[in-house]
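This report covers the contact between two chains and then the packing inside them.

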Amino acid sequence: MKEISRLCFVLTIIAAVSAGVLAFVSQETEEPIKQALLDEKLSAVKSVLPPFDNDPDKDTVIVRSGGLDYTVYRGRKEGEIIGAAFSVVAPNGYGGEIEFLVGVDPDGVITGIVVLKHLETPGLGAKIEDAAFLDQFKGTSLADTAVVWDTHKEGGSFKHITGATISSRAVTHTTARGLEFFAENRDAILDLGGDKEEESKE
Amino acid sequence: MSTGKEFLKGFWSENPIFRLVLGLCPTLAVTTTAENGIGMGLASTFVLVCSNLVIATIRNFIPKKVRIPAFIITIATFVTIVDLVMNGYFHALHKSLGLFIPLIVVNCIILGRAEAFASKNGIYISIVDGLGMGFGFTVSLFVIGAIREVIGNGTIFDIPLFGSSFLPLLLMILPPGAFIVLGVLLGLMNKAEIRLAKRAGRQPLIRKEHDCASCAIHQGWFGLGSGASVAAKEQD
C-alpha cells in the first residue's frame, strides 16, 4: 500500500510537470501556428487570383450548395471584385480525396488552380500539383463551348498525366463542377442579387 | 569510456539504424527525400537529447517499477513540443513529415537510450550519448533519403541533377525503394565492418541475428559452412 502510493506520487509529479510545460508551449505556439495556417491559405489564394489589394481571408462569403457550406474568398482591386477563389474536393482521386482551390474571374473564366491536399502516388498522380498540368485550365470557362470537360483519353480537351489518368480525370471533372457551382451562385458571390447576400450574412 | 567514444559510437559501432536496426518505421516511411530525412533526424535528435537529459537528471528519483511510464511521459512531452514548434515555425516541413512527428514517441531508439543509457549514467555523458545517437540517426536517414531522391526523382534538395531526358526510377521513392536501399546499405556496411575488423584483428561488430547464415529461414542454405555451424551452436 505504501509503495503504491509512492509510485502514484512520483508519476503524478512527472505528469503534472509535463502538463505545465506543455500548457506553456501550447500557449506560446498558438499564434504562430494560426499565422502559418493563414499564410498557407493566403498564398494559395494569391496564386490563383489576379493581383488584388484587399484581404481575401476577411472578404469571404459562405455559400450553401448541395447541403454543404463553401467559403468563397473574394479578391478586390479598388473595391471592385476581380476574382473569387473557392476550394473543391474531388472524391474520386486514385489515393483518396483531392482538394484544390479554383480561382475564377467575375465571368467564370479560370484564373488559376492550386492543389491543397492529395494522397496520390508520388511521381505519378502527384504530378497533378505541377504547373504543366494545372496551367492548361487557365483561361477556360463553361461559356466556352469548344472546351470538353474531360481528358484527351476520353475525347476531352485536357491533357492527362501519363500513368495517372484517374487522378487527371478526377481533377478535370471536379474543376467543371466547381465552375457550375460558381455559375449557380454567381449573384451571391459577386454581391449582385440582394436576397442571397442577405442570407449569407446571417 | 571517453566522451569522444560515446559520441562517435552512434555513427558506426552502435549506429541506430545499421547496427542496432532500431527505429525502422520512420526510417522506411519518411526518407523519400534528403530534406525529409534530415528534418526527421534532427527532430528525433532534439527529443533524444532532451529526454536523455531529463531522465539522467531524475534517474534516482524514479522508482524502478514505474520507470517505463515515466520515460514515456517525458518523451511524449518533448515530442509534443517539437510538433507544436515545428507546426508554428517550420510549417512546410511539418506538413511533409506529417504523422511521423507524433510517432517519434514510439521510436525505439529514444526509449531504448533512456532505458539502456540515460537511466544508468550521468547527465553530461547522457547528453553526449543522445547527440551521438541522434546525429548517427540523422546521417543515416540523410544517406537513405539522398539515394532515394537522386534515383527516384532525379533531384537532391529539390535541385535537378540530370537533364530532362532522365527518367526517374519511381520505385525508389515508393515504399519498396526504402527496403531496397536499407537492405543494400546494411549489407555494404556489414561487408565493410568485416573487412575493418579483419584488418584490426578483432571480432566484427555484426550481431549474430543479423547474419544470414544464422537466420532460421536460411538454415541449411549454407551447408556445413563454418559460419553457419558456429552461429547455430552458439545460439543453442
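B:K95 and A:E40 form a salt bridge (a Lys or Arg side-chain nitrogen within 4 Å of an Asp or Glu carboxyl oxygen), with their closest N and O atoms 2.7 Å apart. The model is predicted: local features need pLDDT of at least 70, side-chain atom pairs count only at pLDDT 80 or more, and totals for chains, interfaces and linings use all residues. Residues are numbered from 1 along each chain as its sequence is written, chains are lettered from A in the order in which they are written, and side-chain values use heavy atoms, without hydrogens and water.

| Item | Value |
|---|---|
| Salt bridges | 2 |
| Residue pairs in polar contact (both at pLDDT 80 or more) | 4 |
| Buried area | about 2,000 Å² |

Polar contact here means N or O atoms within 3.5 Å, one able to donate a hydrogen and the other to accept it; residues adjacent in sequence count only through side-chain atoms. Buried area is the accessible area (1.4 Å probe) lost by two parts on being put together, summed over both. Carbon and sulfur atoms carry 79% of that area.

In chain B, B:E6 is buried at 5% relative accessible area, where buried means under 20% (1.4 Å probe, protein chains only). Its side chain makes a polar contact with that of B:K9 (2.4 Å).

Technical notes
Buried < 20%, exposed > 50% of the residue type's maximum accessible area, 1.4 Å probe, protein only.
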